Amino acid sequence: MNNAPGPWPTAPPGRRARPRTRHRRAVANTLGLVFSAVMAFPIYWMLLTAVRPAEEIHHSPPKFWPGHLTLEHFRRALDTPTFWANVRASVLIGVGTVLVSLLIGTLAAFALARFSFAGRKAFVLVILGVQMIPLAGLIIPIYLLLSDAGLTDSLLGVILTYLVFMLPFTVWLLRGFIAGIPAELEEAARVDGCTRLGAFRRVLLPLLAPGLVATSIYALVQAWNEYVLAYVLLSSNDKQTLSIWLVSFQTSFGTDYGGLMAGATLTALPVAVFFAIVQRRVATGLTAGAVKG
Amino acid sequence: MAERISRFTAGLGAFVLLASVAGCGSGEGGKPPSAAERSGDLTVWLTVDAQESWPDLVTTVNARFNKKYPKIKVKVQYQQWTSKNQKIDAALAGREVPDVVEMGNSETTNYIVNGAFATVDPAKFDHSAEWLGALNDSCRMDGKTYCVPYYVGARVGIYRTDLLKQAGVDHAPRTYPELLADLDKLKQKFGAADKNFSAFYMPGRYWYAAMAFVKDAGGEMAVKKDGRWHGALSSPASVAGLKAWKSLLDAYYVGDRSKDNGDEPAVVGQGRVGMFYGNTWEAKAATDSRSGGDPKLRGRFATFAFPGPSGKLLPPFLGGSTLAIPAKSRSQDLAGEWIGMFTDRTAQRRLIAADTLPNNTAQLREVAAGGVNGPAAQAAERGWVTPLAPGWGAVEKSNILPEMLQDIATGKQSVQDAARAADRRIDGVINEN
Amino acid sequence: METADPPRPAAAGPGPGTPGGRHRRAAGPRPRGTLRRAGRLTLPYLLIAPTVLALAAVLGYPLVDLVLLSFQDMTRKQLFSGTSPPWAGLGQYRTILSDGFFWNVVGRTALFTVVCVAATMALAMLVALLMRRVAPWVRMTMVGVLVAVWAMPIMVAASIFRWLSDADYGVVNWLLGLLPGLDFSKHNWFADPWEGFAVIACVVVWGAVPFAAVTLQAALSQVPPELEEAALVDGARGPQLFRHVTFPVIKPAFVLVTSLSAIWDFGVFNQIWLMRGGQPEKEYYLLGVYSFIESFAVNRYSTGAAIAVITVLLLLGGAVVYVRQILTMGDAE
């Protein structure tokens, strides 16, 4: 079913041999590269700062190429006593949030996409409204609630909190993906003797895979980078997430840019790798191939 | 998580146990467990300074504490200054509160007024009779003490020894006219060749510096009259101080006027500053590449007690820390004992070694006069603190002073107008709990 | 077409009909009405139950608390002691709504949102279209960059942008200074709020483009090539082709991303907070920051709560068109 022509659709056929088109493509390529360069500059600056010796970092006028390469910043970042504990916390929170929100989000999304039921409008409104609430007003009430439940300074408390902020988005996105899968496919499977669950598992789920992957990336990036709630909810330094750990490079003496950028590189790496692995599926264009095939 | 649940059930168990004990008679009459028997956690929230500058002190104090209470687990958790208070607010409203919290001396009043902290008995702490007024005052209300002074810092003048020598000056300025003369020489020698050279670094939003000039001129940020606080920046004395600050800035500072002093070490480390007004450790930070400084400048900074226009030393802001015990803490006695060990004579000696000033005047004399911190100890006697008004924290956090100074420094408003506008804003929040 | 669905294939049947509303109208609501058997009544409720429960359990109480708080006058004393604060009725709302500064902030927030969303969507659309035209290796480069930007924590992004635009050692000033006749040395980008917001908008848009571009790209990949070919044969070209053939297909995704961006940008907090070093000046208050400052800096928790409530109401009001579109999706045929 994922036999769509690669992750990105190729240009429509029948237009490629003409010289004018070739010229156009050169223009497009140039534009694409310029765009990439501009977007990537801050990232380049991060990497550059992470690998250049400290005395080059604040050099004036700025240098755009490292004079020497060094791993001292990475070493310093990795030597922070809580680093691996923070990695663990981030991974547990990220994976926990993503898995749970996908699991229960898919169910709700299925209901929204396939059924008409009383209270549906209200549900949609809630889903939409939750995303509009500014976080500031909720910090203390959420803390008090979790404190009553004994869930402050606990990863579970953070996962639960993230879950409710992630769920609306998850449900909304997945609803679209499910709505894009023709119900006839499930119907057909059920005519062939599948149970409703069987039809869901054998027909819908495989078709939904790219949607699930895409949604998981959105959720993972949010959970991985969130800072304010995690900071208030987690007080043990070894339970804090990487995004809180990063702040420790801003000391009262000034910002340790080398350490911060090395730390940021380490923090962003897992997400980028995850994305690199799954991006084919995200971009496969969902179910388009299967429907047409 | 599992740990959390077990703690939760343990707590529940203890509660049940306590209830049954109470059922047998009076719980108070029961024999308290001996020190060796007491168990549980003691949670301490310190700011990152302890982690960065005296981590060994934390370790030794915990070891000493555990010798007496082997079954108590001390959990030290480090907080960032910038985001600490919203976390403390949430925690104090909840059930599980830390047992010790570190508070800046300009933050305490509001918390004390609102009943956040338990009282402490000063007699149990070393040198409590000689505690620095700047810290002690911020801990006291209606004759009771609510926190324990921890350490303090005072700002001094810092100059580039090599640049001053090249400009033909062989010693640090001792009077204000001398200071201005030295700055003129610096400006003449280096300013002509490099238009980015500041003889004196004084960013426009640096309110600790500007308020030192206000204080020097006999002015105040706010005064209490008939039980209510009022902004006093537009009083003639205050305005005179602000004008002195502004003329210093106009004459010798060429940089951006809308910045604060947050990255002062990094800017000074660029090598285009002759003198600046800062904490003693900033001289070191300006040569440390990790804070943006330049290691090549090592050994080229010296400190001096900053003379004020009044003829006396410029009174520095005494920025310091205190340690308080939340009223909801269930281990207040233990928290008190831990604080006692963490702020005793030996501990203060360790802080002095880390270029900070101690919490008491007796040990202030131990600070080597010739050392980098000597001028700070000297200036500290004229030190001041922010008004002990319930709403002062709000004044600071709504950036009233930096915004006023920026308007003055950039010439957007006259000193008089800007000060009057700031007073109005201060009046709006300073009396609020 | 009214529905605002995320990406979904436009043509379910083998023969894509005329481009435009008709065939899509057929595709939209089709899924429903087909599953109607026993359990149809309870099943949807069972399916949404976990989500509803989670939302109710974790957000229910805090939300009620927030709304109640906005009708009270809570100080730290009550916060710390747990006693209930006195009622203030509509007092908080009256104070806020009659405050010129508040409306100033609202206007500023709305303008900021419009600019950021427009820039984000325009850029993302161009990028998504561009990605179909470039060589595969360029496409991979673009995707790589988008992903890296996406994975960058806001806190780090903000500190890099702050550094690049710094007055004393920023790269931007230095680069601009290279241009003949310009002297940007020591230029402070945040002294003038217009310039400052321009920098902040750059951070926001820079961070938002990846999500928007990737989602639009996914939607574009669903435009059946036959559709565009047929239009090409009919003589449609460039903008015309886009407007009449391509865009209608991706419109649901476009609307979705636009509205999400609008919601996020309207409540923007982190970028401003971090770019201003945790001490934003009054000129830099947007609603999210304002609510936070009132709650945590000035300790007027009730005022902060009221601002939060008003923010949600304003958003709902602004999104009323969109909301109606969404709600109609629940209607029966």
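Predicted model: local features only at pLDDT ≥ 70, side-chain atom pairs only at ≥ 80, totals over all residues.
From helix 7 of chain A, the residues taking part are A:Tyr162, A:Met166, A:Phe169, A:Thr170, A:Leu173, A:Leu174, A:Phe177 and A:Ile178. Their partners in helix 9 of chain A are A:Leu208, A:Gly211, A:Thr215, A:Tyr218, A:Ala219, A:Gln222 and A:Ala223. Sorted by class, this contact has 11 nonpolar and 4 polar residues, with no charged residues.

How do the two helices lie relative to each other? Helix 7 of chain A and helix 9 of chain A, which covers residues 196-225, pack at an angle of about 155°, and their axes are 10 Å apart. Angles over 145 degrees count as roughly antiparallel, so that is the word for helix 7 and helix 9 of chain A. The crossing of helix 7 of chain A past helix 9 of chain A is right-handed.

## Transmembrane regions from the record

An unreviewed UniProt entry places the feature "transmembrane region" at residues 26-47, 89-110, 122-143, 155-174, 203-224 and 257-278 of chain A. You can follow two of these spans in the model. Residues 26-47 of chain A are 100% helix and 0% strand, and their end C-alpha atoms lie 29 Å apart. Residues 203-224 of chain A are also 100% helix and 0% strand, with 32 Å between the end C-alpha atoms.

## Two domains in chain A

Chain A is assigned two domains: domain 1 spans 19-72 and domain 2 spans 76-292. Their C-alpha centres lie 31 Å apart.

Where do these domains of chain A touch? The contact joins 7 residues of domain 1 of chain A to 7 residues of domain 2 of chain A. On the domain 1 side, helix 1 (19-51) and helix 2 of chain A each supply at least two residues. The largest share of that side, 4 residues, comes from helix 1 of chain A. By class, the domain 1 side has 5 nonpolar, 1 polar and 1 charged residues.

## Chain A meets chain B

Now look at the contact between the chains. Here, 31 residues from chain A and 34 residues from chain B take part. Several elements of chain A each give at least two residues to its side: helix 2 (54-57), helix 6 (139-148), helix 7 (155-179), helix 10 (228-233), strand 2 (254-255) and helix 12 (257-283).

Which helix of chain A gives the largest share of the side touching chain B? Helix 6 of chain A does, with 6 residues. By class, the chain A side has 12 nonpolar, 16 polar and 3 charged residues.

Definitions and conventions
Residues numbered from 1 in each chain as written. Chains lettered and ligands numbered in written order. Contact = placed C-beta atoms within 7 Å. Nonpolar A, V, L, I, M, F, W, Y, C, P; charged D, E, K, R; others polar. Domains from an automatic or database assignment. Axes fitted to C-alpha atoms, helices over the stretch in contact; angles between N-to-C directions. Parallel < 35°, antiparallel > 145°, perpendicular 65-115°, else oblique. Left-handed = near helix turned anticlockwise from the far one by under 90°. UniProt positions renumbered as here; feature names shortened; annotations may be inferred.
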